[in-house]
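Keep the structure in view while reading.

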Amino acid sequence: MLSAQSDQRSPLAEVIALPEFKVVSDRPLPPREEWKYVKLGNFEVLSSASERTTKEFVKDLREFQIVLSTVAPEMMIQAELPVMVVLCGKMGQFDRFEVKRATRSISGLGTSLVRDNEIASIVVDYTYRALGDEVDIMTSFGRFFGRKEVHTSQEFIRQYVHLALSRLTPRMPAWVAEGMANIYSDIDYNNKWIEVGMPKSFRNEYTMDYGTNFAGGGFGGGGFGYGQNSWMGYGSSPYSTDSGMPNYGAGSMSNAAPRVYVQPIYIMPMDKMFAVGYDSPTITGAKGVSMADWRKQTTAFVHMCLYGHQGRYQKAFLKFVTMSAKQEPTEALFKECFGKTYKQMALEIRSYSEFTVYTSKIYKPTNKGESIFLPAPAIAVRPATDGEIGRIKGETLRLAGQDEAARNEFVVAYLRGDRDPQLLASLGLMARQRHDDKRARTYLEAVAVAPATIPRPRAYLELARVRYAQQQAAKGGAPLDLNELVAVLEPLFVGQKLPQQLAENYLEVARAWQNTTVVPQRDHIAVVERGINLFPRNGTLVVAAASLLIKNGYKAEAAPLIERTLNATRDPLLKAELEKLQAQIGTTPTTGE
């Protein structure tokens, strides 16, 4: 265990004077907004909706987590990932969290998911309990545009599943994640059973047309009769029916033979469906780009492979997904897995959307009469503090690419007198992002001496980086002595004790040991190797650990790390670095142990 000399001052022992905001302190603060706060495990819910609506949402979230833990525990959002949920219950609030271009996000109907590798935020528009995606309807009256109802809670679940899947390594292709998210957002359950795999999100729509003899004042409620709850495709095909006459609002129709128009799914070429990635405008929701057709087709394909045709395509699907994670999907690879060309499969997807033969999965409690949902404590809703409002709104805006708006939220909460360590961490990380390291260190040092550790590993990581950078600047890049090394490693060790881990933390440990006059023991290097166990696919971390081992004479331990990563990687730059290290193993003198 490292320790500095007792007569040396540690940065943690310094008196911390938090900075003033002289530029903005004379400006009148904006009116305080009323927000409610609920904590549910690793979820923080900030809501401007009514207390009743907030409780209903949190209850649904709690129940869905129980359901998911039963049917697909690997798709749950793990407890170590902090997740913020912003329920916008007032008109115009959702628009304030608009995601900027080139921001890591997934758009949806009245929802958006923004995240980085440390935290995530899901924004939900609760001004309407049901939203809709545009549908294109062609009848003998002409072409009409309507909306298919999608409940807000269903869209939230879709974003929940997307976030959970984004944590898997290797990450699923975007088309797989979209299909899975839609299938699981259609999950049906009560306290007696759970059903997964219903084809709600892609089945063909049907419209009813009663001819042209129309009298009265336009279309009212019930103007069109829809079949399955699904997306609307393009095209029309009339079929006669003997069903009765609906009410078209104030008007009515008579002496008209009703006809049903099938709105078949629009099928894009399969290579285009597979080509959509997480950075595509289709995913991020760029203006003028619709994801409806892609979303429906991916869901139909994934559903058919997992639940359709008595499992005919399950093995082929799993093989194709696994191989697609290692190489770009091609038609040759697809044919190898499925035995069909892209065109043949596209036609089968169309057929499946019209005549869906599937087997859903039903889960019931083991003991008859037992309830799926056990009694749970009452949901406690309370007014949010200034720090919670500023931090959650600010971090959500930051993740959405609105840096200045995010900083304003942090600063306003700070000026109102809130000194919550999590708010100080947000201020410090924002200052660090703005290259204001002096201010960043002040905030982050305050976080380091707080009575309790906060769930923000990046706060401790950036404090170590700032300390290292300032020490290097003062010494002209000279190696760290023992006290300086301890000052850098202290916050990194705190971060390693948190439930959520960052690969960068272990990289900083390796960098500190690479540039110090202190000779590391084998246990010290083992800290970096522990990071490889957590992040086995991180080639940069493998290079850092192997370099440190070789430098200190532990060549035998470095060799298998290098060889294993060389065999697994396709990155030419990483391969070149590893081959250089491999060459050094035979020439570096042994100095360790």
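Begin with helix 7, which is mostly covered: 15 of its 16 residues are buried. The coordinates come from a predicted model. From first C-alpha to last, helix 7 reaches 22 Å, close to the 22 Å expected at 1.5 Å a residue.

His 303 sits in this helix, which runs over residues 292–307. Is His 303 buried or exposed? Its relative accessibility is 0%, so His 303 counts as buried. The side chain has a polar partner: it makes a polar contact with the side chain of Tyr 352 at 2.9 Å. Beyond four places in sequence, the contacts of His 303 include Ile 183, Gly 197, Met 198, Pro 199 and Phe 202. Gly 308, Tyr 352 and Tyr 358 are also among them.

Now follow the chain out of helix 7. His 309 comes after the helix and has a positive phi, near 50°. Gln 310 also has a positive phi, near 55°, and is not a glycine. Gln 310 belongs to the loop between helix 7 and helix 8 (314–324). With 77% relative accessibility, Gln 310 counts as exposed.

Step back to the whole chain. It has 21 helices and 17 strands. Of its 593 residues, 51% are buried. Take the contacts between residues at least 6 apart in sequence: 72% of them join residues at least 24 apart.

Next, the nonpolar interior. In soluble globular proteins, nonpolar side chains tend to be buried together. Here the largest nonpolar core has 79 residues. Which residues have the most contacts inside it? They are Trp 175, Tyr 184, Met 270, Phe 301 and Phe 338. Trp 175 shows how far along the chain such contacts reach into other segments: leaving out residues up to four places away, it touches Met 273, Phe 274, Trp 294, Thr 298, Phe 301, Val 302, Phe 317, Phe 320 and Val 321. A second, separate core holds 37 residues, including Tyr 506, Ala 512, Ile 532 and Val 543.

Cysteines come next. How many disulfides does the structure hold? The count is zero. Cys 305 is buried, at 0% relative accessible area. Cys 337 is buried too, at 12%.

Turn to the loops. Gly 369 lies between strand 16 (361–363) and strand 17 (382–383). Its relative accessibility is 60%, so Gly 369 counts as exposed. Lys 192 is 177 residues away from Gly 369 along the chain, yet their C-alpha atoms are separated by 7.7 Å.

Another loop joins helix 13 (421–433) and helix 14 (437–448), and His 435 is found there. His 435 is not a glycine, but its phi is positive, about 65°. At 71% relative accessibility, His 435 counts as exposed.

Leu 463 makes a contrast. It lies in helix 15, residues 457–475. Its relative accessibility is 1%, so Leu 463 counts as buried. Apart from neighbours within four places, Leu 463 is in contact with Arg 441, Leu 444, Glu 445, Ala 448 and Pro 491.

Finish with helix 21, residues 572–584. Its 13 residues should span 18 Å at 1.5 Å a residue, and its end C-alpha atoms are 19 Å apart, which agrees. Asp 571 caps the N-terminal end: a side-chain oxygen lies 3.0 Å from the backbone nitrogen of Leu 573.

Which residues of helix 21 are buried? They are Leu 574, Leu 578 and Leu 581. Viewed down the helix axis, the buried residues fall within an arc of 55°, so they line one face of helix 21. The general rule is simple: an α-helix has 3.6 residues a turn, so residues three or four places apart point the same way. Helix 19 (539–551) and helix 20 (555–568) are included in what covers the buried residues of helix 21. On the face turned away from the buried side sit the exposed residues Pro 572, Leu 573, Lys 580 and Ala 583.

Notes:
Residues are numbered from 1 along each chain as its sequence is written. This is a predicted model: local features need pLDDT of at least 70, side-chain atom pairs count only at pLDDT 80 or more; totals for chains, interfaces and linings use all residues. Side-chain values use heavy atoms; hydrogens and water are left out. Helices (H or I, at least four residues) and strands (E, at least two) are DSSP runs, numbered from the N terminus. The expected span of a helix is 1.5 Å times one less than its number of residues. Buried means under 20% relative accessible area, exposed over 50%, partly exposed in between (1.4 Å probe, protein chains only). The arc is that of the directions from the helix axis to the C-beta atoms. Contact means heavy atoms within 4.5 Å. A polar contact is a pair of N or O atoms within 3.5 Å; within protein, one must be able to donate a hydrogen and the other to accept it, and residues adjacent in sequence count only if both atoms are side-chain atoms. A disulfide is a pair of cysteine sulfur atoms within 2.5 Å. A nonpolar core is a set of buried Ala, Val, Leu, Ile, Met, Phe, Trp, Tyr and Cys residues joined through side-chain atoms within 4.5 Å.
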